[in-house]
Amino acid sequence: TASPAPTGRTSNESEFARARKVISGGVNSPVRAFGSVGGAPRFLVSASGPYVTDVEGREYVDLVASWGPAILGHAHPEVVTAVQDAAALGLSFGATTPAETELAELVVRRLGGPRASGGLIDELRLVSTGTEATMTAIRLARGFTGRPLLVKFAGHYHGHSDGLLAAAGSGVATFGLPASAGVPEPIAEQTLVLPYNDPEAVRAAFAAHPGRIAAVIVEAAAANMGVVAPDPGYNAALASIAHEHGALLILDEVLTGFRVAPDGYWGLQKTSSAEPAYDVDLVTFGKVIGGGMPVAAVGGRSDVLEHLAPNGPVYQAGTLSGNPLAVAAGLATLRLADQETYARLDRMSGTLRAAVSEALTAAGVAHTVQSAGNLFSVLFAPEPARDYEAVQAQETFRFPPFFHAMLDRGVALPPSVYEAWFVTAAHDDRAVTRILDALPHAARAAAEA
Ligand code: PMP
């Protein structure tokens with residue numbers, strides 16, 4: 001396979017200096033900057049299986065997985081071939097294709113659908129990014145209910161549309177921003193930000209704004225403030241409170257969907273005895289559904305989805321929506337991600353969670369490994385965190401030295417304490433050994449911080 005040869009004449013530092021002259025901040029997405037850990041971000045030239053390679057020719061075991069999509073590992077040969085085959089037939093038509101229907105059918109079926117037969121969604125609309133998916137879901141909820149307000153939870157990230165940046169997770173948390181500048185107050189005021197895992201706060205919001213809340217949007221399991229799983233019964237409580245008041249529940253599975261189980265976090269909960277069944281109106285997907293290419297989706301109840309143009313009055317569109325290369329990557333990825341893939345991800349996650357905890361305990365670092373399915377992150381606090389306030393109270397200063405000790409030993413973690421770690425089915429013994437060898441050094445660096 002093609003591996004762009006590192007020239008040996010460049011370095012991550014010089015690439016960063018060069019990028020900063022022509023790209024705002026030197027990065028095209030803020031989470032890629034080493035903003036909270038320091039140093040120059042690694043400029044990558046190739047990726048294969050569990051590894052990524054930078055411009056200096058250094059190879060890292062990757063626990064970023066493109067922030068989720070790469071569940072099969074990078075550049076899976078069958079996914080690459082599917083994209084190459086699609087490319088040979090044309091890059092973009094701006095017209096309907098059978099492959100889009102195939103992907104939609106596969107997704108509806110995989111989520112047990114349609115809803116009348118116990119599934120999660122009846123139909124969907126393909127878009128290109130998670131941001132578009134949640135933005136569309138919210139517009140749809142408002143158009144359907146005729147109500148203006150939205151409930152979101154502190155520390156949850158749903159992309160970068162105006163109304164969703166208040167007290168957001170991911171880069172907004174990493175850079176310590178309360179919200180984003182540039183969002184006009186009349187728009188920000190339409191979002192009610194509540195503490196997570198606190199159903200009473202949601203009941204109080206509905207009581208305070210009768211008949212005005214269109215929807216509650218929640219990450220299926222929070223994973224953009226580090227991982228914070230919903231308490232047992234919490235998602236179900238949100239559904240019943242919202243429905244009691246004529247509002248919709250939007251389940252954001254952009255990060256969890258097709259990653260924690262074949263049918264997402266909803267699927268995990270469905271098979272859990274601790275979890276009452278619950279009814280979701282709209283669901284958003286991204287990341288794995290595109291297999292590393294730009295595909296995302298909003299799906300749900302057909303009576304709600306029918307409000308989208310051309311059938312209904314809620315507008316949404318996209319020149320590149322359902323792009324043939326992207327759809328080919330998504331289809332190939334979902335077809336390859338079978339039960340064995342998820343079993344591998346679970347085993348890998350379990351191994352790493354135990355090893356991280358063992359190393360930090362040996363180094364005397366107070367910590368909790370927080371998890372939701374195979375997603376996990378390290379919280380530098382002795383007690384588990386259930387909400388954003390608790391997450392922010394951890395010893396965040398221990399993360400940068402931990403991160404750099406791992407990186408120095410050839411393991412690339414997400415460069416923020418507020419991000420989940422992503423395993424892939426391609427992480428093999430050699431990759432795991434490197435992680436296990438690096439952990440005690442990183443734990444000692446965290447202890448000395
Ligand atoms: N929702 C969730 C839960 C996410 O994790 C993300 C991205 N990390 C988004 C929405 C936004 O997706 P995108 O970056 O593709 O716009």
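Visitor: How do the residues of the shell around the ligand divide into nonpolar, polar and charged?

Guide: Please bear in mind that this is a predicted model. The shell around the ligand comprises five nonpolar, nine polar and two charged residues. Of the 16 residues around the ligand, those that come nearest are Gly-130, Thr-131, Gly-159, Val-254 and Leu-255. The most is given to this shell by helix α4, residues 130-145, which contributes three residues.

Along the principal axes, its C-alpha atoms fill a box of roughly 60 × 55 × 45 Å. Of the 449 residues, 52% are buried. Among contacts with a separation of 6 or more, 74% join residues 24 or more positions apart.

Val-79, Ala-82, Val-83 and Ala-86 are the buried residues of α2. They cover an arc of only 95° around the axis, and therefore lie on the same side of α2. These buried residues pack against α11 (324-336). The face turned away from the buried side carries exposed residues, including Pro-77, Glu-78 and Gln-84. After α2 comes Gly-90, which has a positive phi, near 125°.

Note on methods:
Residues numbered from 1 in each chain as written. Predicted model: local features only at pLDDT ≥ 70, side-chain atom pairs only at ≥ 80, totals over all residues. Buried ≥ 20, exposed ≤ 12 C-beta atoms within 10 Å, placed from the backbone. Helix = DSSP H or I, 4+ residues; strand = E, 2+ residues; numbered from the N terminus. Arc of directions from axis to C-beta. Contact = placed C-beta atoms within 7 Å. Near = placed C-beta within 6 Å. Nonpolar A, V, L, I, M, F, W, Y, C, P; charged D, E, K, R; others polar.
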